[in-house]
Amino acid sequence: MGKRSIVILLLLLIFQVLLVAAQNVPASNQDFTALLSLTEFWENKPPSWVGTDPCAASWEGIECTNSRVTSIKLLSMNIKGSLTADIGTLSELETLDLSYNKGMSGRIPDEIGNLRKLKTLSLVGCDFSGPIPESTGALNQLTFLALNLNRFSGNIPRSFGNLSNVNWLDIADNQIEGPIPISDEEGPGLDMLHKAEHFHFGNNRLSGHVQDKLFSSNMILKHLLLDNNKLNGSIPDTMGSVKTLMVIRYDHNQMSGEVPSISDLTKLTDLNLGNNKLTGSLPDLTGLNDLASVDLSNNSFNSSGIPSWASNLPYLTTLSLEDTGLQGEIPNSLFKQSSIEAVKMKNNQLNGTLDVGNSSPNLELIDLENNMITDFAQENQQINFDIILAGNSICLETGADSKKYCSKSQSTSTYSTQPNSCTALPCSSNMVSSPKCICAIPYTGVLTSRAVGFSNIRNTSYFKDLENGLLSTFQSLYLPVDSVSLSNPVTDTATSYFSLDLQVFPSQSDRFNRTGVSSVSFVLANQIYKPPEFFSPYYFSSNDSYEFYAEEPSSSKTNTGIIAGAVASGVVVLVLSILVVIFAIRQKKRAKEFNPFANWEQNNNSGNAPQLKGARWFSFEELKKYSNNFCEANTIGAGGYGKVYQAVLPSGELVAVKRASQESMQGAVEFKTEIELLSRVHHKNLVGLVGFCYDKGEQMLVYEYIPNGTIMDSLSGKSGIRMNWIRRLKVAVGAARGLAYLHELADPPIIHRDIKSSNILLDDHLNAKVADFGLSKLNDSDRGHVTTQVKGTMGYMDPEYYMTQQLTEKSDVYSFGVTMLELVTARKPIEQGKFIVREVLRVLDRSKEFHNLHAIIDPTIKHEGNPKGLEKFVDLALKCVKDHAEERPTMAEVVKEIENIIQLAGFNPNAESASTSETYDNVSGGKIYHPYVDEDFAYSSVFPSVKVEPQ
Ligand SMILES: *[C@@H]1O[C@H](CO)[C@@H](O)[C@H](O)[C@H]1NC(C)=O
Ligand SMILES: *[C@@H]1O[C@H](CO)[C@@H](O)[C@H](O)[C@H]1NC(C)=O
């Protein structure tokens, strides 16, 4: 056989294998090969990664939409490996979170910049190093960027200035150096980040001046954390114009010069300028009445008396003015402010008599070490907080050593969560007795506040607040969490960060599975848990990996096993790599080709409206004119999607125009879906679509204008519309009819997916109209359910849907049941950590009047005396929120039952509604909030790992 024929044979063989391999890898799985090569050398991949379709099977940590991988969440999985250039081929990725894998190391590849759809990039607490690539700046959809707690070095990329949607920018706790870039002729800078609320840059090696240009009144920064760097020069005047600022930390730098005026920063809760070289007089903080913590210690301020604001800030808990040139006597008023917990003024020249008479019961510490105090007025009285006067004249007298206040030491107190009325159990190794006294393996880590707003750690109410908030956040997301425990509060003296050990205990089993651990860490890494102000902002760092997962599938079934048969020779490996390339090219091509509006655009160009029944096409110019140039005064709402404007059509008809912001244009598919859905449904209890605009790169929806706000506004008293009992029944029946129409008469049937009180509007006649189909989903009637990405709003979401991801009409029934309970109680579904369904069930007693719900019924309807049918209404609501979908009624049954209740109450369920005026408390001429925007948009990106199946 000649050389040539061997080559041909080989080529034929390769071709054959290529064909076979191509058949084995379903076309729907173009991201499989990319994932395969990305994770080829990773250790500790989830054992559930079996087979060749990351979207269909139960691949933990992977979510897909339309058979493309859109989310990778693999937190705290003890994965070891690096992020290779392959990541760049997962072009539909919206979320990448590899936080708390301390074995993830190496550089971030430049290809990260190819992930143009990325919204969340979170690599907290790994071991990444090297510079952050400039290409990161290309991710202009990014809203959440957290790279803190790694070993990144180099400068802050200038290109960050292009992250025009970023809200959270955290690069703290790295080794980043050089200046904070601002825009100039050489390129962009951080002054351009007008949507950022968080600059968390602390604990790096940043240097140089902080430029005036960094700040402007266009910014909406809340947290400015520049602490623990090497910054110098003076604090820019311009900072005083960022009125949204709540936390400012410049401490532990080399800042000099005078402190500029910050008297407009009235939202400030924490100001820390300590440990710099600031000069001039102490800043005047008069009127900054939200301040809880002020630290100006260790600067070079001019000598002065204790400033008067120190005694007058109503929520001040902690005042640190160590070594700030203070002299004269200490006013007794300083200790009387009821919130004050700690006064730290060592190393000054304070003199005279210390008088702490009638001091605040919350005081924990007065530290006046090394001053010139000569007397102590309460010398012979019992004092229940720490006073330190060591190094003062009073402690230099003979015999003074024996006095408690002359010792430098503070009494020690600490906190740890105690068993909740039970006795802690002795547990075997790895196990810990939970606050509910169950032996289990907790997921553990450290929760750290970067600007703690309290000092008195003897006051357990702070810790209880944190515990309750954490637990209700986990539980409202249906995570398998039984309890949480906090312990060991410590303030790091070098950085002033305050930390607590956190243990999260599993429910259902004595240990978490992988998804449980990953979801709990996601809630903490991505700031889904919102702490009370006194702990904000925070970060979480995970302890050593959780290694005792429950219910692991056997690890021999990894995907290497499955494809092992195919990997028979080096040729196949070669073929697979060719496939990777082919798929990558195909993906790129697809991404380019995909444009849901392609067919509409043609229509627009030829001047014809697309053929959509009922919905009218508007040009951009038209809507611009009708809304008075989209002027501020016509704004009736704003949210993640963009703004909503009131507009008047030439016919005089009022409409609401929902205009997607330039940055949120990625929702093109959703936009088109919404138009198609809305133009197909017509019912008097559904908000009608008047038209839409897809022109000049704009996306707008034009709705009929519903003038009387949402039922949430009415219940909360915001809209001035009084809702008596019968009105509530009619609203309920109206909304129920709208929903029943969607479920049973719309073709194809539609599941709303986000029923809630803020999505039900009231028209002129106070008829209910169901709004916001943006999250709607066509029902696939063949299967009776749709498996899809979990979307919805916390508190309203069907737990069964959440667990199984199988969406049915009954999920809407559940949300509607919650809304019914809202109508009865006028409470939000989750209020102060309490879930309305559980609260009602807790006190329910059917043998008593109003089912014993007196304490939670809205007082407004109780005052009417006799809300007829209330018990039946509550019973119906509780049927709707049954755990199991099959036990819930259909919407048609709900409509019937409410109609019965209305009839029993002596009204006609079909009568036209009353005119508005009789139910108005005050006819407000002003604007009423309009709910066409997704105010809860953040939640949809928030729910932890849930699978999506190709439709
Ligand atoms: C305390 O110090 C101030 C300023 O240095 C001085 O004017 C005053 O006389 C001193 N008072 C006492 C009681 O020593
Ligand atoms: C403890 O802190 C809370 C605020 O979290 C405050 O309302 C209360 O007065 C404090 N003091 C005591 C003794 O509980």
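**Figure 1. Residues around ligand 1 in the predicted model.** Strand β22, which spans residues 327-329, gives the most to the shell around ligand 1, with 3 residues.

**Figure 2. Polar contact and burial of ligand 1.** An oxygen atom of ligand 1 lies 2.2 Å from a polar side-chain atom of Asn351. On its own, ligand 1 exposes 360 Å², and the protein buries 35% of that area.

**Figure 3. Residues around ligand 2.** The residues shown are Asn362, Asn459, Ser461 and Tyr462. Divided by class, the shell around ligand 2 holds 1 nonpolar and 3 polar residues, and no charged ones.

**Figure 4. Polar contacts and cover of ligand 2.** The side chain of Asn362 places an N or O atom 2.7 Å from a nitrogen atom of ligand 2. For Asn459, an N or O atom of the side chain is 2.2 Å from an oxygen atom of ligand 2. Ser461 has a polar side-chain atom 3.0 Å from an oxygen atom of ligand 2.

**Figure 5. Packing of helices α12 and α18.** Helix α12 comprises residues 725-745 and helix α18 residues 891-904. Their axes come within 8 Å and cross at roughly 160 degrees. Because angles over 145 degrees count as roughly antiparallel, α12 is roughly antiparallel to α18. The crossing in which α12 passes α18 is left-handed.

**Figure 6. Packing of helices α14 and α17.** Two packed helices are described by the angle between their axes and the distance between the axes. For helix α14 (residues 809-825) and helix α17 (residues 870-880), the angle is about 150 degrees and the axes are 7 Å apart. The angle therefore makes α14 roughly antiparallel to α17. Helices α14 and α17 form a left-handed crossing.

Conventions
Residues numbered from 1 in each chain as written. Chains lettered and ligands numbered in written order. Predicted model: local features only at pLDDT ≥ 70, side-chain atom pairs only at ≥ 80, totals over all residues. Heavy atoms only, no water. Near = heavy atom within 4 Å. Polar contact = N/O pair within 3.5 Å; in protein donor to acceptor, adjacent residues only side chain to side chain. Nonpolar A, V, L, I, M, F, W, Y, C, P; charged D, E, K, R; others polar. Axes fitted to C-alpha atoms, helices over the stretch in contact; angles between N-to-C directions. Helix = DSSP H or I, 4+ residues; strand = E, 2+ residues; numbered from the N terminus. Parallel < 35°, antiparallel > 145°, perpendicular 65-115°, else oblique. Left-handed = near helix turned anticlockwise from the far one by under 90°. Areas by Shrake-Rupley, 256 points an atom, 1.4 Å probe, with all protein chains shown as cover.
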